[in-house]
Amino acid sequence: MKSRHLERTDKGYKVFLYIFYVCGFIMASSLIFGVYVTMIEWMENGTYVMGEAIHNTTIPFENFARVSTWIFFSTIIGWYCVSRIGWRRTAGNKIVGTRMALLQLMLLGFSIITLFEVLYNFSILTAQISAGIVDGVLPDIDKLSIGYPDPDRPWNTIFAIKMFFAAFIISTHAFYLSTKPRKPLNEPDV
């Protein structure tokens, strides 16, 4: 059976569309929550750790999923839904030649950069854990942060790993889709 693109008349189209809306709601509400909590932390302390409030908040109840996990999940699932329902915007000969080559190079660059960031942040996390264990006490992994690229605005290490890993998956999938042979818009399905 030959795989085909999803059409608006297909039953699965609305499923992907509604799931995309749910993912968009999760991402937007997480963004609003994160900005709000970070602003309060900035006003009270004069400093903040990027992503710490988002990573250390669990929803819907204690010891379930963290907000950063919901963001990670919803960005990847949301991207997949977009790639399934939005294929007509890039299908056929809409993006060709120089523009497609530049798009592919940009996506490859994003993939390489985000892979580096995942590996870098993961190696920092393991080094911080190892340095903490030397004293015989396992550090609170959820509170570890790195002052990179700006020492005045550090990132929560686990949050950084999750966000860059999601970006790596999405940019790599987009690069893969950009290199696949394109189906013409007027080609009938078999």
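User: Leaving aside neighbours within four places in sequence, which residues is Ala166 in contact with?
Analyst: This is a predicted model. Ala166 sits in helix H5. Setting aside neighbours within four places in sequence, its contacts are Phe72, Thr75 and Ile76.

User: Is Ala166 buried or exposed?
Analyst: Buried means under 20% relative accessible area. Ala166 has a relative accessible area of 4%, so the residue is buried.

User: What distance separates the C-alpha atoms of Ala166 and Thr114?
Analyst: Thr114 is among the buried residues of H4. Ala166 and Thr114 are 52 residues apart along the chain. Their C-alpha atoms are separated by 8.8 Å.

User: How do H3 and H5 pack: roughly parallel, roughly antiparallel, roughly perpendicular or oblique?
Analyst: H3 covers residues 67–85 and H5 covers residues 157–179. Their axes lie 9 Å apart, at an angle of about 10 degrees. Angles under 35 degrees count as roughly parallel. Therefore H3 and H5 are roughly parallel.

User: How many nonpolar, polar and charged residues form the contact of H3 with H5?
Analyst: From H3 come Ser68, Thr69, Ile71, Phe72, Thr75, Ile76, Trp79 and Ser83. They meet H5 residues including Phe159, Lys162, Met163, Phe165, Ala166 and Ile169. The contact of H3 with H5 divides into 12 nonpolar, 5 polar and 1 charged.

User: What covers the buried residues of H3?
Analyst: The buried residues of H3 include Val67, Ser68, Ile71, Ser74, Thr75 and Cys81. Their cover includes helix H1 (11–45), helix H2 (52–55), strand S1 (58–59), strand S2 (65–66) and H5.

User: Which residues of H5 are buried, and what covers them?
Analyst: The buried residues of H5 are Thr157, Ile158, Phe159, Ala160, Ile161, Lys162, Met163, Ala166, Ser171, Ala174 and Ser178. Their cover includes H2, S2, H3, H4, S3 and strand S4 (155–156).

User: How far apart are the end C-alpha atoms of H4?
Analyst: Helix H4 runs over residues 97–133, which is 37 residues. At 1.5 Å a residue, H4 should span 54 Å.

User: How far apart are the end C-alpha atoms of H5?
Analyst: H5 has 23 residues. At 1.5 Å a residue, they should span 33 Å. The end C-alpha atoms agree, at 33 Å.

User: How many disulfides does a search of the whole structure find?
Analyst: A disulfide needs cysteine sulfur atoms within 2.5 Å. The cysteine sulfur closest to that of Cys23 is in Cys81, 5.7 Å away, so the pair is too far apart for a bond. Cys23 is buried at 3% relative accessibility, and Cys81 is buried at 3% as well. Searching the whole structure, the number of disulfides found is 0.

User: Which residues does the cis peptide bond join?
Analyst: Pro60 lies in the loop between S1 and S2. Omega is about 5 degrees at the cis bond. The bond joins Ile59 and Pro60.

User: Is Asn63 buried or exposed?
Analyst: Asn63 is found in the loop between S1 and S2. Its phi is near 65 degrees, a positive value in a residue other than glycine. Exposed means over 50% relative accessible area. At 69% relative accessibility, Asn63 counts as exposed.

Notes:
Residues are numbered from 1 along each chain as its sequence is written. This is a predicted model: local features need pLDDT of at least 70, side-chain atom pairs count only at pLDDT 80 or more; totals for chains, interfaces and linings use all residues. Side-chain values use heavy atoms; hydrogens and water are left out. Axes are lines fitted to C-alpha atoms, for helices over the stretch in contact, and angles run from 0 to 180 degrees between N-to-C directions. Helices (H or I, at least four residues) and strands (E, at least two) are DSSP runs, numbered from the N terminus. Angles under 35 degrees count as roughly parallel, over 145 as roughly antiparallel, 65 to 115 as roughly perpendicular and the rest as oblique. Contact means heavy atoms within 4.5 Å. Ala, Val, Leu, Ile, Met, Phe, Trp, Tyr, Cys and Pro count as nonpolar, Asp, Glu, Lys and Arg as charged, and the others, Gly among them, as polar. The expected span of a helix is 1.5 Å times one less than its number of residues. Buried means under 20% relative accessible area, exposed over 50%, partly exposed in between (1.4 Å probe, protein chains only).
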